[in-house]
Amino acid sequence: MKITVTRSGGIAGIRRTWIVVVEDQADSEDWNRLVSDLPWDARVREPAQPDRFVYEIRASRRRITLPERHVTGPWRELVDRVRAADEPSAQ
């Protein structure tokens, strides 16, 4: 399974994307458990806030878009893990 986290917005409007392939990770079972336990059906509806980030998170066929202030708890854990796994120093 491929997990993609895309962050857009912010003051400069720069778009960043991080990707991790779960099967390539030593702790792939933990990744799979985290992804399956997330509330993918939760929908956050709020007006866009200027200069704030928005995250689009995709894992296989699941997809969710969250404003920065809603990337908390297990969502924050997933975003942080994907970013750390895709950083050049982690390779």
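The following dialogue explains how several terms apply to this predicted model.

Author: This is a predicted model, in which local features need pLDDT of at least 70, side-chain atom pairs count only at pLDDT 80 or more, and totals for chains, interfaces and linings use all residues. Residues are numbered from 1 along each chain as its sequence is written, and side-chain values use heavy atoms, with hydrogens and water left out.

Reader: What makes S3 and S4 paired strands?
Author: Strands (E, at least two residues) and helices (H or I, at least four) are DSSP runs, numbered from the N terminus. Two strands pair if DSSP finds at least two bridges between them. Six bridges join S3, residues 53–59, to S4, and the two run antiparallel; therefore they count as paired under that definition. Val-54 has Pro-67 of S4 as its bridge partner, and Ala-59 has Arg-62.

Reader: How many bridges join S1 to S3?
Author: Seven bridges join these antiparallel strands. Thr-4 stands opposite Arg-58 in S3.

Reader: Why are S2 and S4 said to stand at the edges?
Author: The open sheet has four strands in the order S2-S1-S3-S4, with antiparallel pairing. Strand S2 (16–21) and strand S4 (62–67) each have a single partner strand, so one side of each lacks a neighbour in the sheet. Neighbouring strands are turned by 10° against each other on average, direction ignored; axes are lines fitted to C-alpha atoms, for helices over the stretch in contact, and angles run from 0 to 180 degrees between N-to-C directions.

Reader: Why is Ser-60 called exposed?
Author: Exposed means over 50% relative accessible area, buried under 20%, and partly exposed in between (1.4 Å probe, protein chains only). Ser-60 has 59% relative accessibility, so it counts as exposed.

Reader: What is the phi of Ser-60?
Author: Ser-60 has a positive phi of about 60°, although it is not a glycine. Most residues other than glycine have a negative phi. Ser-60 lies in the loop between S3 and S4, a hairpin with two residues between the strands.

Reader: Which residues of H2 are buried, and why are they said to line one face?
Author: The buried residues are Trp-75, Leu-78, Val-79, Arg-81, Val-82 and Ala-85. Seen down the axis of H2, they fall within an arc of 165°, so they line one face of the helix; the arc is that of the directions from the helix axis to the C-beta atoms. Their cover includes S1, S2, helix H1 (28–37), S3 and S4.

Reader: What makes the pair Arg-81 and Asp-27 a polar contact?
Author: A polar contact is a pair of N or O atoms within 3.5 Å; within protein, one must be able to donate a hydrogen and the other to accept it, and residues adjacent in sequence count only if both atoms are side-chain atoms. The side chains of Arg-81 and Asp-27 are joined at 2.6 Å, and those of Glu-56 and Arg-63 at 3.4 Å. Arg-81 belongs to H2, and Glu-56 to S3.

Notes: Contact means heavy atoms within 4.5 Å.
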